[in-house]
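Good morning, and thank you for coming. Please look at the sequence and the structure as I show them.

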Amino acid sequence: MKPYDQILSQRTQDIQPSPIRKFFDLAENMEDVISLGVGEPDFRTPWAIRSAAIATLERQSIFYGANSGIMPLREEISNFMQRRHQLTYSPENEILVTVGGSEAVDLTFRTLLNPGDEVLITEPCFVCYAPLVSLADGVPVSLPTLQKDEFRLTAESLRKAITPKTKLLMMSFPNNPTGAIMRREDYIEIAKVLEGTDIMVLSDEIYSELTYGTKHCSPATIEGMRERTIVVNGFSKAFAMTGWRLGWMAAPPQIIEQARKIHQYGIMCAPMISQRAAIEALKSCDGEVERMVEEYDHRRRFMLERFQQMGLYCFPPAGAFYLFPNISITGMDSETFCEQLLQEEHVAVVPGSAFGECGKDNIRISYAYSLKHLAEAADRMERFIGRHKK
């Protein structure tokens, strides 16, 4: 038999493992490590959601469901999008329930892309986008956002990046890792650039409910954008349901029809227990989400103050639960900084370069942890910065 590297898919072999995992793997073999690396709420899933799941188990209502998701959940998703974001989507043919937001992102790429199609990806960004584009035979193209622009996508940078091969613009706001948001006036300018083109837009809005002092705006609300936009969202971040693996995509019916075929053959349907529980999340957990956002905001302001005391500049994020401080005062690149911080002070954070070349002078810190946890990590970081500041 041939060696495995001659048998396995070359396309898959060319995909690099997530750079985030490197630091977690190192941390696992060390004692007394404080991790600020995982983008996962530290809150328990609200009781109303857990109770609905238990009731589902007791009723044994856990058979296969409709490929698109059970209708009561699609109706609640439609209501939620209208109530929270003034977006109108038909539960009959414009909403598809997926296994997390990640499946919805993957489905969008596989539904839209032909070999060689280019996808503009705003960076810094979550690590999965470019690999999933490549696995769908597309070509990922970096579209950097800059600190001077508050990490927002500008119409000028978009205009310069478009080529005849551009098929899709991939945006994720509120952003992981920067916490940046886009305002309505920003999207109006983006819409002007896209007017008259066939370029589609994928808007990953998984952090839409986690904003501070401002309300989330979806590009699909801008005139002329709904017909070209696929909106992705889910339950992981806002409702503290990461392990429940449930998300959705909302798009014109022609797109949903094709995405459903891929979902049908690859997945069949999202977990039924999660779907039943998610109905309760959308119906009754607004208050729980608001309380979590208040606590995140408290942690956000605490860490921003600590970074200021350390002499680290940090862009004040207006969404998600990440901070993206600039560590250039140490003279280290982000990977070196993270490796030495882990070795010397046993604090695990993520290098900004993991999210794109434009993040090489930054690190990502999640504040989805308790204040006690954050305070101890900040003390250790302050000692580290004090030793290495140039």
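Predicted model: local features only at pLDDT ≥ 70, side-chain atom pairs only at ≥ 80, totals over all residues.

Which residue's side chain meets that of Asp32 in a salt bridge? The partner is Arg380, with a separation of 3.0 Å from N to O. This pair links distant parts of the chain, since Arg380 belongs to helix α14, residues 371–388, while Asp32 sits in the loop between α3 (19–28) and β1 (34–35), 348 residues apart.

Arg380 has a relative accessible area of 6%, and because buried means under 20%, Arg380 is buried. Asp32, at 56% relative accessibility, is exposed, because the cut-off for that word is over 50%.

The structure holds 27 salt bridges; I shall describe a few. Let us stay with helix α14. The side chains of Arg306 and Glu382 form a salt bridge, 2.9 Å from N to O. Arg306 lies in helix α12 (residues 286–310) and Glu382 in helix α14, so this pair ties together parts that are 76 residues apart in sequence. Arg306 is buried, with a relative accessible area of 9%, whereas Glu382 is partly exposed at 31%.

A further salt bridge joins the side chains of Arg387 and Glu345, at 3.0 Å from N to O. Here Arg387 lies in helix α14 and Glu345 in helix α13 (residues 334–345), so parts 42 residues apart in sequence are tied together. In this pair Arg387 is partly exposed, with a relative accessible area of 44%, and Glu345 is buried, at 8%. Elsewhere, salt bridges that share partners join Glu150, Arg152, Arg183, Glu185 and Asp186 into one network.

I turn now to the packing of helices. Two packed helices are described by the angle between their axes and the distance between the axes. At what angle do the axes of α12 and α14 cross? They cross at roughly 15° and come within 10 Å. Because angles under 35 degrees count as roughly parallel, α12 is roughly parallel to α14. The crossing is right-handed. On the α12 side, the residues making the contact include Phe302, Met303, Arg306 and Phe307; on the α14 side, they include Leu374, Ala378, Glu382 and Ile385.

Is Glu94 buried or exposed? Glu94 counts as buried, at 10% relative accessibility. Glu94 lies in the loop between α5 (71–85) and β2 (95–98). A polar atom of the Glu94 side chain lies 2.9 Å from the backbone nitrogen of Ser90. Beyond residues up to four places away in sequence, Glu94 touches several others, among them Tyr89, Arg226, Met249, Pro252 and Ile256.

What does the side chain of Lys237 reach at 2.6 Å? The answer is the backbone oxygen of Gly39. Leaving aside neighbours within four places in sequence, the contacts of Lys237 include Gly39, Pro41, Tyr207, Leu210 and Phe321. Lys237 and Glu195, by comparison, are 42 residues apart in sequence and 32 Å apart in space, from C-alpha to C-alpha.

Thank you for your attention.

Methods
Residues numbered from 1 in each chain as written. Heavy atoms only, no water. Helix = DSSP H or I, 4+ residues; strand = E, 2+ residues; numbered from the N terminus. Buried < 20%, exposed > 50% of the residue type's maximum accessible area, 1.4 Å probe, protein only. Polar contact = N/O pair within 3.5 Å; in protein donor to acceptor, adjacent residues only side chain to side chain. Contact = heavy atoms within 4.5 Å. Salt bridge = Lys/Arg side-chain N within 4 Å of Asp/Glu carboxyl O. Axes fitted to C-alpha atoms, helices over the stretch in contact; angles between N-to-C directions. Parallel < 35°, antiparallel > 145°, perpendicular 65-115°, else oblique. Left-handed = near helix turned anticlockwise from the far one by under 90°.
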